[in-house]
Amino acid sequence: MLLSVSRRTDIPAWYADWFFRRLAEGFVLVPSPRAPHRLHQIPLNPDVVDGIVFWTKNPLPMLPRLSELKNHLTVFQFTLTGYGTEAEPALPDKDAILIPAFQQLARKLGPRRVIWRYDPIFFTQKYTEKWHLEQFEQIALRLQGYTDTCVISFLDEYQGTRARMRPLVPAAFDPQSAARLARGLSEIASDCSIRVQSCAEALDLGAAGIAHGRCIDGALFESLLGQPLHWTPAKGQRPECGCAASVDIGTYNTCPGGCRYCYANFSPGQITANRAAHDPRSPLLIGWPGLQDQIIHSSFSSLRGGQLRMDGF
């Protein structure tokens, strides 16, 4: 199977110790999204897990421990934008810390396995087209040779994001401005030998030379592994999403990063409670299994030899 770590929270930044403990013990428990007392036991051993996609804005806690991932094929989706602390309040300095972290990660894994995400893109009185082009170019020049793919998308409104974004006074989405900016980003990236692809983007950017991408990319894992995988398209994602089916081990309302555009956090009180309940020794990301919980042993197998089953998950 392919493992997503995680669309729901930044595990590398905030829960790296927990993840490495789970990897050493060989399994993780994940609550069913619609039935939280049903805990699915997900195996993490490399004869079942064909690849892991990490989603992060800050991989620094994982960098000293990458050797513990040597038995797994890993790809990082690394979000790196030019936004300031008014939009992304909890990140280390990008020029001094995060861009060098990206470079270090790419030196260890190779540029194909570290994908740059410049998303979500939104416009304000400060964050204009010109501003995005300037910031993107500055980052692209420093990432040249360290990645071959950049993923972009424009901001979608989710539960809770509208209120959090209000202090930034975002402009209404303008397809013409978005397409014009996308063309400029593609040209800058091309000069740096980086191709740009979109993520679940309804806007057709083909005229800008930008194809719809797959963040969990079965074809990429096939190429990296050197053999075919029996992967299928993901279900339950947005219609424009091209990702392969995967198992996500994260939990919503657990990231304290505070990014104003984040769709995965919609209850500040719940984030505080969840953080307090986290124990790196637990098989669950938040809390410990209780007497009322039922552990479900679903069947999983390598996509190299069979089809993925996620019974009731």
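**Entry 1: S282**

I looked up S282 and found it in the loop between α8 (268-277) and β11 (294-296). I keep in mind that this is a predicted model. Is S282 buried or exposed? S282 is buried, with a relative accessible area of 0%. I followed its side chain to the backbone nitrogen of L284, at 3.0 Å. I then set aside neighbours within four places in sequence and listed the contacts of S282: W18, R22, G287, W288 and P289.

**Entry 2: R22**

The charged end of R22 sits over the ring of F27, 4.7 Å from its centre.

**Entry 3: the sheet with β11**

I traced an open sheet of 3 strands, in the order β2-β3-β11, with mixed pairing. β2 (27-32) and β11 are the edge strands, and each pairs on one side only. Neighbouring strands here are turned by 30 degrees against each other on average, direction ignored. I checked β2 against β3 (residues 35-43): they pair in the antiparallel sense over 6 bridges. For L29, I found the bridge partner Q41 in β3.

**Entry 4: aromatic pairs**

How many aromatic pairs does the structure hold? I note 16. I picked F78 and F102: their ring centres are 5.0 Å apart and their planes stand at 45 degrees, so the pair is tilted. F78 lies in strand β5 (residues 74-79) and F102 in helix α3 (residues 94-109), so the pair ties together parts 24 residues apart in sequence. Both F78 and F102 are buried.

I turned next to Y127 and W131. Their ring centres are 4.4 Å apart, with planes at 50 degrees, so this pair is tilted. Y127 is buried at a relative accessible area of 1%, and W131 is buried at 12%. I place Y127 and W131 in one aromatic cluster with Y83, F122 and Y261.

How values were computed: Residues are numbered from 1 along each chain as its sequence is written. This is a predicted model: local features need pLDDT of at least 70, side-chain atom pairs count only at pLDDT 80 or more; totals for chains, interfaces and linings use all residues. Side-chain values use heavy atoms; hydrogens and water are left out. Helices (H or I, at least four residues) and strands (E, at least two) are DSSP runs, numbered from the N terminus. Buried means under 20% relative accessible area, exposed over 50%, partly exposed in between (1.4 Å probe, protein chains only). A polar contact is a pair of N or O atoms within 3.5 Å; within protein, one must be able to donate a hydrogen and the other to accept it, and residues adjacent in sequence count only if both atoms are side-chain atoms. Contact means heavy atoms within 4.5 Å. Two strands pair if DSSP finds at least two bridges between them. Axes are lines fitted to C-alpha atoms, for helices over the stretch in contact, and angles run from 0 to 180 degrees between N-to-C directions. Rings of Phe, Tyr and Trp (its six-membered ring) pair if their centres lie within 6.5 Å; planes under 30 degrees apart count as stacked, over 60 as edge-to-face and the rest as tilted. A charge sits over a ring if NZ of Lys or CZ of Arg is within 6 Å of the ring centre and within 35 degrees of the ring normal.
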